Amino acid sequence: DLGRFLEYLSSVEAKGVLSGAEPSTDGYVTIMSIHKSKGLEFPVVFLCGLSHGFNKESARAQVLCDKELCIGTVAADSARRVRYPTISKRGILKKMETDALSEELRILYVAMTRAKDRLIMTYASGNLQSDLGELVSRMNMGCEELVIREADCLGIWVLLAAL
């Protein structure tokens with residue numbers, strides 16, 4: 001993975017086999033996170049892995065907290081042996097989802113605006129034709145905002161813009 005590759009490059013550099021290059025040096029490839037690229041520009045940018053899903057792990061917690069909405073928990077019905085989210089948890093979850101989507105959109109904007117000359121984006125799909133057909137049919141039904149909100153990866157947003 002990328003982490004191990006970067007560790008490998010660091011170890012090779014430490015041994016003196018490679019020398020560290022400045023990001024502005026011509027003839028070198030710079031691999032960095034989108035966050036580190038803020039404010040920089042490059043002639044060519046590869047924006048890879050747009051099909052990778054958003055991280056929604058925090059939404060699975062039993063207890064959610066928010067400065068304004070306080071605490072949201074899961075209620076338990078011992079007679080029926082089921083758990084369900086309370087109204088407060090649903091409200092906090094909705095706010096968290098909206099905030100997370102806003103942040104993902106901001107990150108996509110930063111990534112796409114790093115390229116001076118060429119931006120190359122990758123998106124992988126097991127059945128692209130079917131995925132595109134579904135997006136087109138949902139857009140034609142007049143629910144564009146819902147499709148945008150329900151996107152589970154950056155690539156869906158890019159595909160929607162292309163369509």
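**Entry 1**

I began with Trp 157, which at 11% relative accessibility counts as buried, where buried means under 20% relative accessible area, exposed over 50% and partly exposed in between, with a 1.4 Å probe and protein chains only. I note that this is a predicted model, in which local features need pLDDT of at least 70, side-chain atom pairs count only at pLDDT 80 or more, and totals for chains, interfaces and linings use all residues. Residues are numbered from 1 along each chain as its sequence is written, and side-chain values use heavy atoms, with hydrogens and water left out.

I found Trp 157 in helix α6; helices here are DSSP runs of H or I with at least four residues, strands are runs of E with at least two, and both are numbered from the N terminus. Leaving aside neighbours within four places in sequence, I listed the contacts of Trp 157 as Phe 54, Leu 101, Glu 104, Leu 105, Leu 108, Ile 148 and Ala 151, contact being heavy atoms within 4.5 Å. I also looked up Tyr 8, which is 149 residues from Trp 157 along the chain, and the C-alpha atoms of the two are separated by 34 Å.

I then searched for aromatic pairs and found that the structure holds one. For this search, rings of Phe, Tyr and Trp (its six-membered ring) pair if their centres lie within 6.5 Å, and planes under 30 degrees apart count as stacked, over 60 as edge-to-face and the rest as tilted. The ring centres of Phe 54 and Trp 157 are 5.3 Å apart and the planes lie at 45°, so I recorded the pair as tilted. The pair links distant parts of the chain, 103 residues apart, with Phe 54 in the loop between β1 (42-47) and β2 (64-66) and Trp 157 in helix α6. Phe 54 counts as buried too, at 13% relative accessibility.

I asked how many of the nine residues of α6 are buried. Seven of them are, so α6 is largely enclosed by the rest of the structure. The buried residues of α6 are Leu 154, Gly 155, Ile 156, Trp 157, Val 158, Leu 159 and Leu 160, and what covers them includes α3 (87-112), β6 (115-121), α4 and α5 (144-149).

I next looked at α4 (residues 128-140), which packs with α6 (residues 154-162) at an angle of about 65°, the axes being 11 Å apart. Axes are lines fitted to C-alpha atoms, for helices over the stretch in contact, and angles run from 0 to 180 degrees between N-to-C directions. The contact is made by Leu 128, Leu 132, Leu 135 and Met 139 of α4 together with Ile 156, Leu 159 and Leu 160 of α6.

**Entry 1: the cysteines**

I checked for disulfides and found zero, a disulfide being a pair of cysteine sulfur atoms within 2.5 Å. Cys 65 is in no disulfide, and the nearest cysteine sulfur, that of Cys 70, is 9.1 Å away. Cys 65 is exposed, with a relative accessible area of 57%. Cys 153, by contrast, counts as buried at 3% relative accessibility, and the sulfur of Cys 153 is 14 Å from the closest cysteine sulfur, in Cys 48, which is too far for a bond.

I placed Cys 70 in strand β3 (residues 70-72) and noted its positive phi of about 70°, although Cys 70 is not a glycine. Its relative accessible area of 49% makes Cys 70 partly exposed.

I found another positive phi, of about 60°, at Arg 81, which is not a glycine either. Arg 81 lies in the loop between β4 (74-77) and β5 (82-85) and counts as exposed at 77% relative accessibility.

Arg 83, in strand β5, also counts as exposed, at 62% relative accessibility.

Beyond residues up to four places away in sequence, Leu 64 touches Ser 58, Cys 70, Ile 71, Gly 72, Lys 89, Ile 92, Leu 93 and Met 96. Leu 64 and Ser 88 are 24 residues apart in sequence, and I recorded 9.0 Å between their C-alpha atoms.
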